[in-house]
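Hello,

The structure we talked about is below. My notes on it follow.

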Amino acid sequence: MNDLTIKKIADYLVAAEVEKREVVKVTAQLHPDLSVEEAYLVQQELVKMKLEEGRKIVGPKMGLTSKAKMTQMGVEEPIYGYVFDYMLINNGGKVPFSELIHPKVEAEIAFLIGEDIEGPGITGAQVLAKTQYVLPALEIIDSRYENFNFTLPDVVADNASTSRVVFGTTPKTPDQFELDLVGATLSINGEIKDLGAGAAVLGHPANAIAMLANMLARKGEKIRKGDLILSGALTGAVMLKIGDYVSGKFDGLGEVTFTVVE
Ligand code: OOG
Ligand code: MG
């Protein structure tokens, strides 16, 4: 795949995000043979475009790290993408529906990294040793594709559907928890829509961060001190509508909330 094709696909996906409209998946029309490796090149181009606009990276994120998510999306392999500064919503804040296409929410555990982590061969235990704090989070995903219908390369190119993130406000050191045993509920308007535990994410959420370090290592990249990283949904994703009051409650880690407004 040449640079021009990479740029064309990245432009296609950025335009969909900016214009808030869903598009046909890349593998349906634009580039049927897109491989996962090529899709990461498209993602890299898309990230470069945002950096050139002055956006800042908050951290990489992992996705499709739980059975719940893999089954829901029909994709069987974890992926990564990037969270940018313009995607952050304050805990208890408002998410304008008009800025998004067809948002869904999922409950996650986030890691604030205290020291660089360079793969390969990184384990969950090594990640925990280099984690400064853990935080609960709600991620709002908004695939740019019609009906969230995509293949693995499509979703990789689309920056893993990343759209908005609400982080919790009371960071905890990881040694206070067995993160695999932390239970979480995801409620909308007071009704529990889904629930899960940390163990849903590759047995332990730190394993997702370790996998990220090892995936980045293949490109000569690493996790950096200060990265704030989502480990992937431990619940399925739930569709949002205007007026929804969303709450994620995590044992010992606290509560994260937001309201969907027009
Ligand atoms: C892809 C993004 C998945 C997660 O936490 O599993 C993700 C999608 O489901 O659209 O962010
Ligand atoms: Mg997610």
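Helix H6 (residues 205–217) has 13 residues and spans 19 Å from its first C-alpha to its last, close to the 18 Å expected at 1.5 Å a residue; the expected span is 1.5 Å times one less than the number of residues. Helices (H or I, at least four residues) and strands (E, at least two) are DSSP runs, numbered from the N terminus. Among the buried residues of H6 are Ile209, Leu212 and Leu216, buried meaning under 20% relative accessible area and exposed over 50%, with partly exposed in between (1.4 Å probe, protein chains only). The buried residues of H6 pack against elements including helix H2 (36–52) and strand S5 (104–113), where contact means heavy atoms within 4.5 Å.

This is a predicted model: local features need pLDDT of at least 70 and side-chain atom pairs pLDDT 80 or more, while totals for chains, interfaces and linings use all residues. Residues are numbered from 1 along each chain as written, chains are lettered from A and ligands numbered from 1 in written order, and side-chain values use heavy atoms, without hydrogens and water.

The magnesium ion (ligand 2) is coordinated by Glu106 (OE), Glu108 (OE) and Glu139 (OE), at 2.0 Å. Donors are N, O and S atoms within 2.8 Å of the metal (3.2 Å for Na, K and Ca); water is not among the atoms, so sites may look incomplete. Glu106 is buried at 4%, and Glu108 at 0%.

There are 14 salt bridges, each a side-chain nitrogen of Lys or Arg within 4 Å of a carboxyl oxygen of Asp or Glu. One joins Lys50 and Glu17 (2.6 Å, N to O).

Regards
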